[in-house]
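Student: I would like to go through this model term by term. Please set each label against its cut-off.

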Amino acid sequence: MKIGVYGGSFNPPHLGHVRAAQACKQALGLDRVLVIPASIPPHKQLTSGSASPTERLALTRLAFENLPGFEVLDLEIRREGKSYTVDTIRALQAQYAHDELFLMMGTDMFLSFQEWYSPQEIVKRAQLVCFSRYDADAENRAALQKQADALEKLYGQRPVLLTNDCFDISSTEARRLLVFGIAESYLPQAVLRRIEDQKLYGAGRDYRALPFDELKTVSLSLHKKTRAAHALGVCETARQMARQFGADEALAARAGILHDVTKALTGPQQLLLAEKYDVRLTDFERENRQLLHAKTGAAIARALFGECEAVCSAIAYHTTGKPNMTTLEKIVYLADMIEPNRTYPGVESIRAAARLDLDAGTELALERTICHLQEEGFAVCEDSVRARDFLLRERNLTKHEA
């Protein structure tokens, strides 16, 4: 008998897990697939707010219930300490001595396999299988092929690389979507219902009027890790500029830490969020989805976090600007452009202008953005052009009156 072994944290289990496992079972002609949630994953630390091992086991059983040939085991949940795969494979081989084991894993785990505990013994006892959409990305495919070559050379076994149209979602993304309330299309319905009933992963929590430090923690948990430094930079830069130009420092900090809160979402997920919160989008915004996070971020700030309209408006226009911007709107727009992590050509000129005059800095930032987009052949949002022209008229009127 051919038995698939599918382990992971399943934090939470989602349709990507289910559909990839089903595709793997079919492609390899597996008779059974044993799904085994980890108690304490050895390769990573579970995020704050994760479900307990027992709860993840229950959720995983719901995810795979009624699927022929699938069985969810509590083997690692019952074992004390870290969930080392080699221990699981030893136990399964003892139980299924006359059967063939196939260790199933996704791309990230496959690419780090040499770093696992006792990888050579694992390979002796089970056939490695990586399921991934590796045909969709030439660079990713090359990395997987290179890894397969390296593992074959190291351990004398050629891993199986499977091509399938697995549902493209990670558990990190699923947790994000649960907070935003748009996870319905990404999780098995029974899993989603239990998460919502038990208020797991922050789903259904009241986030309104959080103290700033707690707001910062929640906001950063919804960002990609690579974007955290930018969010913090905008927050502190906005706070400093508010102090200089007489705006509310607390509001500037809150707008700064939330300004990119939905940026980690994909284009389709942005549209789901816009639909859920009744965000009106222009045709230009639908065609240029990199702009959507400003409006969806404002909607989340308003509906989920209960922020005031001054903060929400500053978030809504932090990418494009608009005519007759408030002081706070200009501050957040500029902070996004000049925070310390920004290194693009011309940023120092904008910083210098902003230190002396808020309008001058905003005008220069808008001009630079418009020119850059035009040079690169990208469409320019009318709001940006109108915002720049408004500031030009204001400056010329001031000169004339003087």
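Tutor: We take the sheet, then a strand and some helices.

Tutor: This is a predicted model, where local features need pLDDT of at least 70, side-chain atom pairs count only at pLDDT 80 or more, and totals for chains, interfaces and linings use all residues. Residues are numbered from 1 along each chain as its sequence is written, and side-chain values use heavy atoms, with hydrogens and water left out.

Student: What makes β3 and β6 edge strands?

Tutor: The open sheet has six strands in the order β3-β2-β1-β4-β5-β6, with parallel pairing. Strands here are DSSP E runs of at least two residues and helices are H or I runs of at least four, numbered from the N terminus. β3 (70–72) and β6 (160–163) each pair on one side only.

Student: How do you know that β4 and β5 pair?

Tutor: Two strands pair if DSSP finds at least two bridges between them. Four bridges join β4 (residues 100–105) to β5 (residues 127–132), so the two strands pair. They run parallel. Phe102 has Gln127 of β5 as its bridge partner, and Met104 stands opposite Val129 in β5. On to β6: four bridges join β5 to β6, and Val129 stands opposite Val160 in β6.

Student: How do you know that the span of α17 is close to the expected one?

Tutor: The expected span is 1.5 Å times one less than the number of residues. Helix α17 (residues 327–338) has twelve residues, with 16 Å expected, and reaches 16 Å from its first C-alpha to its last. Eleven of its twelve residues are buried, including Tyr333 and Asp336.

Student: What makes α18 roughly antiparallel to α19?

Tutor: Axes are lines fitted to C-alpha atoms, for helices over the stretch in contact, and angles run from 0 to 180 degrees between N-to-C directions. Under 35 degrees counts as roughly parallel, over 145 as roughly antiparallel, 65 to 115 as roughly perpendicular, and the rest as oblique. Helix α18 (residues 347–356) packs on α19 (residues 358–375) at about 155°, with axes 6 Å apart. Therefore α18 is roughly antiparallel to α19.

Student: Which residues of α18 make the contact?

Tutor: Contact means heavy atoms within 4.5 Å. On α18 they are Ser349, Ile350, Ala353 and Ala354. The α19 side includes Leu364 and Arg368.

How values were computed: Buried means under 20% relative accessible area, exposed over 50%, partly exposed in between (1.4 Å probe, protein chains only).
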